[in-house]
Amino acid sequence: MPADFDKEAYPKPPRQTPVADKQTALPNPALILSKLFYYSVDLPVTTFRGVVDSIRAQNRSVYYHQKFRRVPDLTECVHGDYLCYYEAEMQWRRDFKVDQEIVKVIQERMRACQQREGHSYEQNCSKEIEQFNEVSNSYMSRYGDLGAYSSGRKCLMKQKERMMAAQAQSAI
């Protein structure tokens, strides 16, 4: 309401909440119990947690740049060394996931550039488009026809077949 409104036309509404009328001089037991709980349980626990969190914040280790050692490839495993086969397979799966994320990041950059540039994206985002085409072609050449049940062994056989086809092509 404006400051200069007509007080007779718009009187203040009556108060709905009655004034608290104290019947006794004794303190409220719920208030006493809540304060007792706060000072005996909540305050010490909160203080202790704050101290522990501040100590842990100073000694925090960086976990997201952990370096894994590279394990031997399937071609380097000795015949019958099943542990080496397993480690090579797990390494291949990690590499597969990393390559997927690389393609996603490059694609996201390309789409952001296209969104930013609008209709003139073809000339302004040519570097991003070329990079995406290069990354997606290399990803497809490595993992393209492996199917849902892909593995390091299937990928190695695909690479071997591609090399054999290139040698046969160069021999002609």
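Axes here are lines fitted to C-alpha atoms, for helices over the stretch in contact, and angles run from 0 to 180 degrees between N-to-C directions. The model is predicted.

**Exercise 1. How the two helices pack**

Task: Find how the axes of helix H2 and helix H4 run relative to each other.

Solution: 
- Locate the helices. H2 covers residues 82-117, and H4 covers residues 126-143.
- Take the geometry. Their axes come within 9 Å and cross at roughly 155°.
- Apply the cut-off. Angles over 145 degrees count as roughly antiparallel. H2 and H4 are therefore roughly antiparallel to each other.
- The H2 and H4 crossing is left-handed.
- Sort the contact by class. Between H2 and H4 it has 12 nonpolar, 4 polar and 5 charged residues.

**Exercise 2. Tyr82 and Tyr85**

Task: Classify the ring pair of Tyr82 and Tyr85, then describe its setting.

Solution: 
- Begin with the total. The count comes to 7 aromatic pairs.
- Check the pair. The ring centres of Tyr82 and Tyr85 are 5.7 Å apart, and the planes stand at 85°. Pairing needs centres within 6.5 Å, and planes over 60 degrees apart count as edge-to-face. So Tyr82 and Tyr85 form an edge-to-face pair.
- Place the residues. Both lie in helix H2, 3 residues apart, about one turn of the helix.
- Tyr82 has 62% relative accessibility, so it counts as exposed.
- Look for a charge. Arg153 lies over the face of Tyr85, 5.5 Å from the ring centre.

**Exercise 3. A pair between helices**

Task: Work out the geometry of the Phe96 and Tyr143 rings, and state whether each residue is buried or exposed.

Solution: 
- Check the rings. The centres of Phe96 and Tyr143 are 4.7 Å apart and the planes are at 70°, so this pair is edge-to-face.
- Trace the link. Phe96 is in helix H2 and Tyr143 is in helix H4, so the pair ties together parts 47 residues apart in sequence.
- Apply the burial cut-off. Buried means under 20% relative accessible area. Phe96 has 18%, so it is buried. Tyr143 has 6% relative accessibility and counts as buried.
- Widen the view. Ring pairs link Phe96 and Tyr143 with Trp92 and Tyr139 into a cluster.

Methods: Residues are numbered from 1 along each chain as its sequence is written. This is a predicted model: local features need pLDDT of at least 70, side-chain atom pairs count only at pLDDT 80 or more; totals for chains, interfaces and linings use all residues. Side-chain values use heavy atoms; hydrogens and water are left out. Helices (H or I, at least four residues) and strands (E, at least two) are DSSP runs, numbered from the N terminus. Angles under 35 degrees count as roughly parallel, over 145 as roughly antiparallel, 65 to 115 as roughly perpendicular and the rest as oblique. A crossing is left-handed if the near helix is turned anticlockwise from the far one by less than a right angle, and right-handed if clockwise. Ala, Val, Leu, Ile, Met, Phe, Trp, Tyr, Cys and Pro count as nonpolar, Asp, Glu, Lys and Arg as charged, and the others, Gly among them, as polar. Rings of Phe, Tyr and Trp (its six-membered ring) pair if their centres lie within 6.5 Å; planes under 30 degrees apart count as stacked, over 60 as edge-to-face and the rest as tilted. Buried means under 20% relative accessible area, exposed over 50%, partly exposed in between (1.4 Å probe, protein chains only). A charge sits over a ring if NZ of Lys or CZ of Arg is within 6 Å of the ring centre and within 35 degrees of the ring normal.
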